[in-house]
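Open the structure in your viewer and keep the sequence beside it. We will go from stop to stop, and at each one you get something to select.

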Amino acid sequence: HDLAVIYRAALNYPLFTQIIHQSTALFPDGKGGAKQIASHDRLLSSYPGFIGGKTGFTNLAKETYVAMAQRGGRRVIAVMMYSDDALWDQGRALLDWGFAQQ
């Protein structure tokens, strides 16, 4: 629940939404230059209405993932903990389930 609340609050900032929706970005390299970094989020380019997601890991929660998509004026946030390598499939299924609810 906390992850969803934090993510929902962050998405109230247009700059955050813009950044999380990018597939690549320039990141300072510590030497006065920059290097390109890329998102590995598979839903970013394949899920209709996808805004962005964030993966993570802790010893207690293991693999975690928070994702958001928007369709028809509705936003759905999916939060997963204790996941395995199927983050993207589980995220897609949860978002689909959320949009199917009335």
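Contact here means heavy atoms within 4.5 Å. This is a predicted model, in which local features need pLDDT of at least 70 and side-chain atom pairs count only at pLDDT 80 or more, while totals for chains, interfaces and linings use all residues. Residues are numbered from 1 along each chain as its sequence is written, and side-chain values use heavy atoms, with hydrogens and water left out.

**The whole protein**

Show the cartoon. The protein has 3 helices and 5 strands. Their order along the sequence is α-α-β-β-β-β-β-α. Helices (H or I, at least four residues) and strands (E, at least two) are DSSP runs, numbered from the N terminus. Along its principal axes, the C-alpha trace spans about 50 × 35 × 25 Å. Of the 102 residues, 28% count as buried. Buried means under 20% relative accessible area, exposed means over 50%, and partly exposed lies in between (1.4 Å probe, protein chains only).

**The start of the chain**

Select His1. This residue sits in the segment before helix H1 (2-10). Is His1 buried or exposed? His1 is exposed, because its relative accessible area is 75%.

Move on to Val5, in helix H1. Val5 has a relative accessible area of 32%, so this residue is partly exposed. Val5 and Ile77 are 72 residues apart along the chain, and their C-alpha atoms are separated by 9.3 Å.

**Helix H2**

Next, pick Thr17, in helix H2. Its relative accessibility is 18%, so Thr17 counts as buried. What does Thr17 touch, not counting residues up to four places away in sequence? Leu11 and Ile51.

**The first hairpin**

Select residues 24-28 and 34-38. These are strands S1 and S2, which pair in the antiparallel sense over 5 bridges. Two strands pair if DSSP finds at least two bridges between them. Pick Ala25 and look across: Ile37 in S2 stands opposite. Then go to the turn. The hairpin has 5 residues between the strands, and Gly30 there takes a positive phi near 85 degrees.

**The largest pocket**

Rolling a probe the size of a water molecule over the atoms shows where empty space is left. The largest pocket holds about 490 Å³ of space. A pocket is found on a 1 Å grid over the protein atoms alone, as an open set of points where a 1.4 Å probe fits, with protein on both sides within 12 Å along at least five of seven lines; lining residues have an atom within 4 Å of a point. Grid points are joined across faces, edges and corners, and the volume is the space filled by probe spheres set on the points.

The lining has 20 residues. Select Ile20, Gln22, Ala38, Ser39 and Gly53, which lie nearest the centre of the pocket. Helix H2 (14-20), S1, S2 and S3 each supply at least two lining residues. Which element gives the largest share? S1 does, with 4 residues.

**Strands S3 and S4**

Follow the chain to S3 and S4. A hairpin joins them through 3 residues. They pair in the antiparallel sense over 8 bridges. Pick Phe50, and find its bridge partner, Ala69, in S4.

Stay in S4 and select Lys62. Most residues other than glycine have a negative phi. Lys62 is not a glycine, yet has a positive phi of about 60 degrees. Its relative accessibility is 39%, so Lys62 counts as partly exposed.

**Helix H3**

Finish with residues 87-100, helix H3. Its 14 residues reach 20 Å from first C-alpha to last, close to the 20 Å expected at 1.5 Å a residue. That expected span is 1.5 Å times one less than the number of residues.

Colour Leu87, Trp88, Gly91, Leu95, Gly98 and Phe99, which are buried. Look down the axis: these buried residues fall within an arc of 95 degrees, so they line one face of H3. The arc is that of the directions from the helix axis to the C-beta atoms. The buried residues pack against strands S3 (50-58), S4 (62-71) and S5 (74-83). The face away from the buried side carries the exposed residues Asp89, Trp97 and Ala100.
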